[in-house]
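Colleague: I have just opened this entry and would like to learn how to read it feature by feature. Could you walk me through it?

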Amino acid sequence: MKRVLALALFAATPAVAANMPSPNWPAPADRGDAFLRSSALRLHNQARQHFGVSPVAWSDVLAAEAMGHAQYMARTGYYGHDQTPGRRKKMGENLWRGTRGVYSYDVMVQVMVDEARLFREGAFPNNSVTGDWHAVAHYTQIVWPTTTEVGCALASSPTTDYFVCRYAPTGNKDGVLLASGRDPPAPIPASQQLAQSGN
């Protein structure tokens, strides 16, 4: 009986650990610029490889831009996309927030990558099996075929971590066909877009 109980506990341990917010839980998650960079690049490029598009490179310029917005959110408590005029044309943006110090960088990025389960091929923004493009918008930016660079940053308020990734060239452009293995995407005719949207 003892052997069976010990075996059951051993078998359950990896599943429990996989659901923890960080490997250090309940101690604070590991932090640092080099660790953030390696974690973010690894997960972005794994998702892109799985999708069949070229890897992205790290951009210190984009990371600095991301830090500016992360610090703004941490300072003000505002959680939302950067509304600076012209920003959207120059760089895409993904956001995440959670309890300060609890979540690993891997969790922050993986939550966005996990939106792949709701993704369907088609003309953006008709890429979600739910019909709501917001359900896959982080993922589509991560795997956007013409995006070549990413930079991410984390800033914290006393209670909350704010994580921002910036992308160039920007993705999530309306009317562009997004399909696994298509590098780069191509605009599709408006008549085909209407057919996909059901109108």
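This is a predicted model: local features need pLDDT of at least 70, side-chain atom pairs count only at pLDDT 80 or more; totals for chains, interfaces and linings use all residues.

Colleague: What is the phi of N172, and is the residue buried or exposed?

Modeller: N172 has a positive phi of about 55°, although N172 is not a glycine. N172 counts as buried, because its relative accessible area is 12% and the cut-off for buried is under 20%.

Colleague: How many helices and strands does the protein chain have, and in what pattern do they follow along the sequence?

Modeller: The protein chain comes to seven helices and six strands, and along the sequence they follow the pattern α-α-β-α-α-β-α-β-α-β-β-β-α. Of the 199 residues in the protein chain, 44% are buried.

Colleague: How should I read the sheet?

Modeller: Strands of a sheet pair through backbone hydrogen bonds, either parallel or antiparallel. Here an open sheet of four strands has the order β1-β4-β5-β2, and its pairing is mixed. The edges are taken by β1 (57–58) and β2, each of which has a single partner strand, so one side of each is left without a neighbour in the sheet.

Colleague: In what sense do β4 and β5 pair, and over how many bridges?

Modeller: Strand β4 (residues 149–156) and strand β5 (residues 160–168) pair in the antiparallel sense over eight bridges, and they form a hairpin with three residues between them. Within this pairing, E149 stands opposite A168 in β5, while the bridge partner of G151 in β5 is R166. By contrast, β1 and β4 run parallel and are joined by two bridges, and in that pairing A57 stands opposite E149 in β4.

Colleague: Which helices pack on the sheet?

Modeller: Helix α2 (residues 33–51) packs on the sheet and touches β1, β4 and β5, its direction making about 130° with that of β4. Helix α3 (residues 60–76) also packs on the sheet, touching β1, β2, β4 and β5, and its direction makes about 30° with that of β4. Strand β4 is mostly covered, since six of its eight residues are buried.

Colleague: And how do I find empty space in the model?

Modeller: Rolling a probe the size of a water molecule over the atoms shows where empty space is left. In this model, about 340 Å³ of space lies in the largest pocket. At least two lining residues come from each of α4 (87–90), β2 (92–99) and α6 (137–142), and the lining divides into three nonpolar, eight polar and three charged residues.

Colleague: Where is R87 found, and which residues is R87 in contact with?

Modeller: R87 is found in helix α4 and is buried, with a relative accessible area of 7%. Leaving aside its neighbours within four places in sequence, R87 is in contact with H81, D82, G92, E93 and R166.

Methods. Residues are numbered from 1 along each chain as its sequence is written. Side-chain values use heavy atoms; hydrogens and water are left out. On a 1 Å grid over the protein atoms alone, a cavity is a set of points where a 1.4 Å probe fits but cannot get out, and a pocket is an open set with protein on both sides within 12 Å along at least five of seven lines; lining residues have an atom within 4 Å of a point. Grid points are joined across faces, edges and corners, and a volume is the space filled by probe spheres set on the points. Ala, Val, Leu, Ile, Met, Phe, Trp, Tyr, Cys and Pro count as nonpolar, Asp, Glu, Lys and Arg as charged, and the others, Gly among them, as polar. Buried means under 20% relative accessible area, exposed over 50%, partly exposed in between (1.4 Å probe, protein chains only). Contact means heavy atoms within 4.5 Å. Two strands pair if DSSP finds at least two bridges between them. Axes are lines fitted to C-alpha atoms, for helices over the stretch in contact, and angles run from 0 to 180 degrees between N-to-C directions.
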